[in-house]
Amino acid sequence: MASFPMRTFMEYGAYRNAPGSARGLVRNALEEWRLGAFEEKASLVVTELMTNSIIATEQVAWEAGWPPVRLWLLAGPDGVLAAVWDAVTTPPRQRVAGELEENGRGLGIVDAYCARWDCYRPPAPYGGKVTRALISDPHTEGSESYRGR
Ligand SMILES: Nc1ncnc2c1ncn2[C@@H]1O[C@H](COP(=O)(O)OP(=O)(O)O)[C@@H](O)[C@H]1O
Ligand SMILES: [Mg+2]
């Protein structure tokens, strides 16, 4: 079982400035944990996951209030784990972006930088879903398929 003794958590309003705030959290936490080598990858991965969760949240017409986006950053011997909760139950779907397309690359980056990533739906009463991604190596790319693209 993987163990992640270092942990931090923050809840953000689902607004466009949240990924920037989250990068600040990532930088501070990783520096405090002496894991600054992970900062570049972790910032990118957290930015992509947070941005996706915010866009997904925006696309729903919520009846009662606007749900937040939640970020957990965990670290330990197995690497750095980022987990992002949003209130939308639809899972993320990685797609292959066309060469000239600006969108559709976020999860490709996550996949390339992470040893693995997945999505799960926590049981009631939480609802929504958590997308999580494990960066096990601060330097190399994880996925063969993304290289050279
Ligand atoms: N948190 C999420 N909730 C619901 N759908 C998501 C989420 N993250 C990603 N997706 C879906 O997966 C697709 C691919 O995501 P991504 O690779 O980041 O590309 P982009 O965000 O540029 O469309 C998105 O277009 C969206 O349909
Ligand atoms: Mg995206």
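Helix H1 (residues 18-32) lies across E1 and E2 and runs at about 165° to E1. Contact here means C-beta atoms, placed from the backbone, within 7 Å. Axes are lines fitted to C-alpha atoms, for helices over the stretch in contact, and angles run from 0 to 180 degrees between N-to-C directions. Helices (H or I, at least four residues) and strands (E, at least two) are DSSP runs, numbered from the N terminus.

This is a predicted model: local features need pLDDT of at least 70, side-chain atom pairs count only at pLDDT 80 or more, and totals for chains, interfaces and linings use all residues. Residues are numbered from 1 along each chain as its sequence is written, while chains are lettered from A and ligands numbered from 1 in the order in which they are written.

**The sheet.** Five strands form an open, antiparallel sheet in the order E1-E2-E3-E5-E4. Strand E1 (6-12) and strand E4 (116-120) are the edges, each pairing on one side only. Neighbouring strands are turned by 15° against each other on average, direction ignored. Pairing takes at least two DSSP bridges. E1 and strand E2 (residues 69-76) share seven bridges, in the antiparallel sense. Phe9 stands opposite Trp72 in E2.

**Ligand 1.** The shell holds 17 residues, and Asn52, Ala56, Pro92, Asn103 and Gly106 come nearest. A residue is near if its C-beta atom, placed from the backbone, lies within 6 Å. Helix H2 (39-58) and helix H3 (106-113) each supply at least two shell residues. H2 gives the most, with four residues.

| Class in the shell around ligand 1 | Residues |
|---|---|
| Nonpolar (Ala, Val, Leu, Ile, Met, Phe, Trp, Tyr, Cys, Pro) | four residues |
| Polar (the others, Gly among them) | eight residues |

Definitions and conventions:
Two residues are in contact if their C-beta atoms, placed from the backbone, lie within 7 Å.
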